Amino acid sequence: MNLAKEIQKGEGKILELKEKLPKNTNIAKTVIAFSNTGGGKLIIGVNDKREIVGIDDIALFEIQDKITSIISDQCSPNIIPEIYSVNIESKLVLVIEVVRGNLKPYFLKNQGKAKGTYIRIGATNRLADLENINELERQKRHIGFDEEICYETTFENLDCSPLLDRFKKNGKTLTTEKLENLKLVKTENSILYPTNALMILLGKFSHCAVKCARFKGTTMDIFIDKKEYTGDIFSILENTQHFILNHINLGAIINGLYRKEVYEIPEVAIREALVNALIHRDYVNGGRDIKVGVYDDVVNIVSPGSLPNNITMEDIFNGRSESRNRVLANIFKELGLLEQWGSGINRIINSSKEYGLPIPKIEEKNDFMDIEIVRKKEIPINQSTEKRSITTDYERLRTIANDYEQLIPEKQSILLYLLDHKSISKKEAASLIKSKNTKTYEVLKELMETDKLVDKQGQGRATHYILKRKK
């Protein structure tokens with residue numbers, strides 16, 4: 001990417017902008033953080049407004065020598081960045097480009113590994129804690145957390161029936177040899193231990209949970225329902241999906257001669273988003289879990305852990321796949337819960353577009369991944385689907401009104417709307433029947449008092465109308 005365009009995108013995980021040369025320690029911290037994470041560029045000569053102010057070209061070589069000395073004297077293991085100048089808008093900027101290191105963790109020499117290791121989180125350099133340092137050590141050994149042995153218990157003390165049953169349903173058997181090949185168990189000193197992957201699959205860690213909430217409106221101020229799901233990862237996936245589906249609208253479309261029930265959000269998008277969260281989340285930190293929020297306007301899924309250090313959001317959208325938990329991902333692939341590698345994000349996007357929904361927001365926010373899928377109030381009808389017929393409408397109205405043929409069109413429209421939605425406000429009814437408030441109120445009043453088909457609930461602005469079902 002052109003450097004000027006990179007600058008205009010602003011600071012982030014792989015870019016830091018400075019107007020002047022930072023203090024010695026700050027330069028070292030940034031270089032260390034980039035080396036421990038995904039690499040990056042420190043550009044000098046750009047102000048906080050992303051304007052190119054440049055540096056004094058007379059002092060260019062002196063500054064380069066100073067930076068080289070700072071990095072050499074303060075960073076361990078040795079880091080050799082590429083330092084060069086670029087002319088942008090007739091002004092000179094200095095670029096310190098750092099690649100992702102292979103000798104992690106990198107740290108400040110005078111503070112040591114425990115107190116001098118820094119990582120890049122979003123646009124900031126943060127002091128790494130013990131868990132972060134252990135993860136950096138694993139990266140150096142090219143091993144994931146889920147591949148490591150869990151010494152808290154032995155394999156013979158575990159109830160693996162949820163996993164065995166899942167494989168059996170797929171026509172597969174799990175032998176000890178297969179468990180070892182899948183890296184779910186490992187032998188040490190003649191004792192068979194589970195790996196962290198097996199413990200996660202069985203839900204044996206306390207933080208292997210998903211917290212779900214249905215909020216009123218578009219904020220987290222008031223919740224209507226909340227659940228926390230624990231247990232084996234397959235039950236968590238199913239329960240969480242059911243929670244979301246129970247709190248979004250279900251309608252119907254007519255495809256040829258058949259009536260088909262569909263949700264306002266494609267189920268494949270929900271499924272893929274949840275699978276993505278479960279197999280790519282950071283399981284190292286025991287104080288965090290996956291959170292699912294259903295709002296009036298969106299479904300939001302947040303999972304702990306940023307992208308793996310050697311991959312960017314651009315890579316993700318281009319179909320590149322890199323899993324933090326390779327053992328878990330492989331199990332999901334083995335059981336058919338994961339489609340082709342790298343296809344999940346595009347399936348979420350494409351299925352939403354086919355539904356006529358806006359493209360979901362998929363973002364890396366500091367050390368979390370955030371997926372936001374917009375809800376659609378009206379059930380979509382795609383090009384291959386015929387419009388609902390009047391006869392079919394009457395058949396649906398028969399379920400709530402015996403004299404459906406005697407109802408005026410305005411009443412029929414409101415009742416049909418209520419069949420597909422839980423409630424309707426006076427404003428929504430006025431828009432639906434294209435009438436003024438006075439006429440709308442009269443129609444709603446007759447539906448309540450004369451036809452006895454609708455009930456009124458709430459007061460003031462919260463007033464809404466629901467169906468009165470036949471007993």
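## Contacts of a loop residue

Contact means heavy atoms within 4.5 Å. By this criterion, in this predicted model, T463 touches S425, K456, Q457 and G458, when residues up to four places away in sequence are not counted. T463 itself lies in the loop between β19 (454–457) and β20 (464–467). Its relative accessibility is 17%, and T463 therefore counts as buried, since buried means under 20% relative accessible area.

## Two further loop residues

Is N309 buried or exposed? This residue is found in the loop between β16 (298–304) and α11 (313–317). Because its relative accessibility is 15%, N309 counts as buried. Leaving aside neighbours within four places in sequence, N309 is in contact with K13, N36, T37, G38, R100 and Q139.

D129 is found in the loop between β8 (124–127) and α5. With a relative accessibility of 38%, D129 counts as partly exposed. From C-alpha to C-alpha, D129 and I119 are 9.7 Å apart in space, and they are 10 residues apart in sequence.

## Salt bridges

How many salt bridges does a search of the whole structure find? The search finds 26 salt bridges. One of them joins the side chains of E147 and K183, with a distance of 3.4 Å from N to O. This pair links distant parts of the chain, 36 residues apart: E147 is in the loop between α5 (130–140) and α6 (161–169), while K183 is in the loop between α7 (176–181) and β9 (185–188). The two partners can also be described by their accessibility. E147 has a relative accessibility of 7% and so counts as buried, whereas K183, at 38%, counts as partly exposed.

The side chain of E147 also meets that of R326 in a salt bridge, at 3.0 Å from N to O. Here again distant parts of the chain are linked, with 179 residues of separation: E147 is in the loop between α5 and α6, and R326 is in helix α12 (residues 326–334). R326 has a relative accessible area of 40% and is therefore partly exposed. A further salt bridge is formed by D225 with K227, whose closest N and O atoms are 3.1 Å apart. K227 counts as partly exposed, at 40% relative accessibility.

## Helix α10 and its partners

Helix α10 (residues 267–280) and α12 have axes that come within 8 Å and cross at roughly 140 degrees. Their contact brings V275, L278 and I279 of α10 together with L328, A329 and F332 of α12. By class, these residues comprise 6 nonpolar, no polar and no charged.

The axes of α10 and helix α13 (residues 344–354) also come within 8 Å, and they cross at roughly 155 degrees. Because angles over 145 degrees count as roughly antiparallel, α10 is roughly antiparallel to α13. The crossing of α10 past α13 is left-handed. On the α10 side the contact involves V268, A269, E272, A273 and N276, and on the α13 side it involves G344, I345, R347, I348, S351 and S352. The residues of this contact of α10 with α13 comprise 5 nonpolar, 4 polar and 2 charged.

## Helices α15 and α16

How do helix α15 (residues 409–420) and helix α16 (residues 426–433) lie, and at roughly what angle do their axes cross? The axes come within 10 Å and cross at roughly 125 degrees. This angle makes α15 oblique to α16. In passing α16, α15 makes a right-handed crossing.

The residues that meet are E410, S413, I414 and Y417 in α15 and E428, A429, L432 and I433 in α16. The contact of α15 with α16 divides into 5 nonpolar, 1 polar and 2 charged residues.

Methods:
Residues numbered from 1 in each chain as written. Predicted model: local features only at pLDDT ≥ 70, side-chain atom pairs only at ≥ 80, totals over all residues. Heavy atoms only, no water. Salt bridge = Lys/Arg side-chain N within 4 Å of Asp/Glu carboxyl O. Helix = DSSP H or I, 4+ residues; strand = E, 2+ residues; numbered from the N terminus. Buried < 20%, exposed > 50% of the residue type's maximum accessible area, 1.4 Å probe, protein only. Axes fitted to C-alpha atoms, helices over the stretch in contact; angles between N-to-C directions. Parallel < 35°, antiparallel > 145°, perpendicular 65-115°, else oblique. Left-handed = near helix turned anticlockwise from the far one by under 90°. Nonpolar A, V, L, I, M, F, W, Y, C, P; charged D, E, K, R; others polar.
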